[in-house]
Amino acid sequence: MKRLFTTLVLITMACSIFAAGSKEAASPEQWPEGPVTVICPWAVGGVADIVNRKMATYGQEVLGQPVLATNELGAGGNVALTNYLKNEPNSLNLIFGGEGAFSIAPNTPGSEALQFTYDDYEPIINLYSSIFVMTADTKLGITDLDGLKAYGEGKTLKVAVNGVAGSEAFLAKALFKELGLKLELVSYNGANLALDAAAKGETQFAISHQSQAQASVEAGTLAPVVAFDKNGLKNGVFAGVKGVGEYGYSAYFRNRCFLLARKGTDPVVIKKIQNAYLRILSKPEIVELFGTMLIEIDPLDPATMDRHVADVIQIVKENQ
C-alpha cells in the first residue's frame with residue numbers, strides 16, 4: 001500500500017512538472033503579462049535616470065502592469081547594453097540607449113571590445129533631446145570659444161566628462177581638434193561628479209547637460225562657455241551662450257535617449273510600448289519636468305532614430 005501511494009505521488013508530481021513546462025508563452029497581444037523593468041545604463045541622479053523614474057510611475061496606468069526603473073552602470077553604458085543581450089524577444093525588460101553606444105563607441109579606438117551593435121536592439125521611441133554645454137572654472141574668466149582658444153594655446157587642458165566613451169567625451173575631442181588645442185579627458189562615473197571636479201579646480205572644464213550644470217552656474221562656481229548645437233541657448237542662466245555651429249565648427253549634435261527592446265520583439269509589443277510612452281509624454285507633470293530639466297520632449301519614431309544614429313556616425317568619422 002505504501003509503495004502504491006509513493007508511486008501515485010511521483011506520477012502526480014511528474015504530471016504537474018510537465019504541465020508547468022508545457023504552459024504556452026503569452027501572446028504579443030497579452031504583453032505585458034507581468035511587471036516591466038526599464039534599465040538605465042547611466043548614473044543615478046542623471047537626466048536619463050530622473051526621466052526613467054518619473055515616467056515609470058505611470059506604468060500601471062498605461063500598460064496595466066507596474067514599470068520598475070533600475071540602473072546598471074559600467075563602461076559608459078556598455079556593460080548594461082551587453083548584459084541586456086541575454087533577454088529574448090518580447091522580454092519584460094527594456095533598456096535605454098543613445099548615440100554614445102551606437103554611433104561613437106563603435107567608431108573609435110577600442111571598438112573591437114564591444115559585444116553588441118545597434119542591430120541587436122529594436123528601437124521603440126526616443127524620449128527626449130538635450131543640448132550639452134561646456135562649462136569652465138569661473139576663476140579662469142573664460143565665457144566663449146574665443147577665450148578658450150586664447151587660454152589654451154600651448155597648454156594641455158583638462159576636461160571632466162561622464163565616461164571616456166560617451167557623447168560628452170567625443171564632443172570634447174572633436175571640438176578641441178577643430179580649435180587646434182590639446183586636451184586630457186578626465187573620466188567620472190556621472191556628470192555631477194565631473195562638474196564638481198571642474199568647480200573644485202581638479203579640471204579646468206566639464207561637459208554635461210544644461211540642467212546638471214545649472215546650479216553651479218547660478219552659484220558662480222562654473223561659467224558656461226559654449227553649447228554643442230547649431231545655434232545658441234535662450235534658457236535662464238544659459239541665455240546668450242553661443243552654439244558651436246555659430247562659430248563655424250561642426251562638432252555638435254543633440255543628445256537623445258532611446259527606449260529599446262530586444263531584436264525580434266513583435267511589432268504588436270513595440271506599438272503597445274510606443275503608445276504607452278506617448279501617453280506618458282503628454283502628461284502635464286512630465287511636460288513640466290522636462291521644462292525644468294531644460295530638455296525637450298522628442299518622441300522620434302524608429303526610422304528617425306535610425307537616421308540619428310547614422311548622422312552621428314558621419315559626424316564621428318568627419319572629426320576623427
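In this predicted model, strand 3 and strand 10 run antiparallel and are joined by three bridges. One of the pairs across these two strands is Gly-97 with its bridge partner Phe-258 in strand 10. Strand 3 is largely enclosed by the rest of the structure, because four of its five residues are buried. The chain that holds these strands has twelve helices and eleven strands.

- In general, the strands of a sheet pair through backbone hydrogen bonds, either parallel or antiparallel.
- Strand 1 and strand 3 run parallel, with three bridges between them.
- Thr-37 stands opposite Asn-93, a residue of strand 3.
- Strand 4 (residues 121-130) and strand 10 (residues 255-262) run antiparallel and are joined by seven bridges.
- Tyr-121 has Arg-262 as its bridge partner in strand 10.

**Asn-52 in helix 2**

- Helix 2 spans residues 47-56, and Asn-52 is found within it.
- Asn-52 counts as buried because its relative accessibility is 2%, which is under the 20% limit for a buried residue.
- The side chain of Asn-52 reaches the backbone oxygen of Val-38 at 3.1 Å.
- Leaving aside residues up to four places away in sequence, Asn-52 touches Val-38, Ile-39, Cys-40, Ala-69, Thr-70 and Phe-96.

**Helix 2 and helix 11**

- The axes of helix 2 and helix 11 (residues 284-292) come within 11 Å and cross at roughly 170°.
- Helix 2 is therefore roughly antiparallel to helix 11, since an angle over 145 degrees counts as roughly antiparallel.
- Where the two helices meet, helix 2 contributes Ile-50, Val-51, Lys-54 and Met-55, while helix 11 contributes Glu-285, Ile-286, Leu-289 and Phe-290.

**Nonpolar cores**

- In soluble globular proteins, nonpolar side chains tend to be buried together.
- The largest nonpolar core of this model has 49 residues.
- The residues with the most contacts inside this core are Val-51, Leu-94, Phe-102, Tyr-128, Leu-259 and Tyr-277.
- Helix 10 supplies the largest share of this core, with seven residues.
- Not counting residues up to four places away in sequence, Val-51 touches Leu-127, Tyr-128, Phe-290, Met-293 and Ile-295.
- A second, separate core has 31 residues, including Leu-175, Val-226, Val-244 and Val-312.

**The chain as a whole**

- The chain has 320 residues, of which 49% count as buried.
- The C-alpha atoms fill a box of roughly 95 × 45 × 35 Å, taken along the principal axes.
- Among contacts in the chain with a separation of 6 or more, 77% are between residues 24 or more positions apart.

Conventions
Residues are numbered from 1 along each chain as its sequence is written. This is a predicted model: local features need pLDDT of at least 70, side-chain atom pairs count only at pLDDT 80 or more; totals for chains, interfaces and linings use all residues. Side-chain values use heavy atoms; hydrogens and water are left out. Two strands pair if DSSP finds at least two bridges between them. Buried means under 20% relative accessible area, exposed over 50%, partly exposed in between (1.4 Å probe, protein chains only). A polar contact is a pair of N or O atoms within 3.5 Å; within protein, one must be able to donate a hydrogen and the other to accept it, and residues adjacent in sequence count only if both atoms are side-chain atoms. Contact means heavy atoms within 4.5 Å. A nonpolar core is a set of buried Ala, Val, Leu, Ile, Met, Phe, Trp, Tyr and Cys residues joined through side-chain atoms within 4.5 Å. Axes are lines fitted to C-alpha atoms, for helices over the stretch in contact, and angles run from 0 to 180 degrees between N-to-C directions. Angles under 35 degrees count as roughly parallel, over 145 as roughly antiparallel, 65 to 115 as roughly perpendicular and the rest as oblique.
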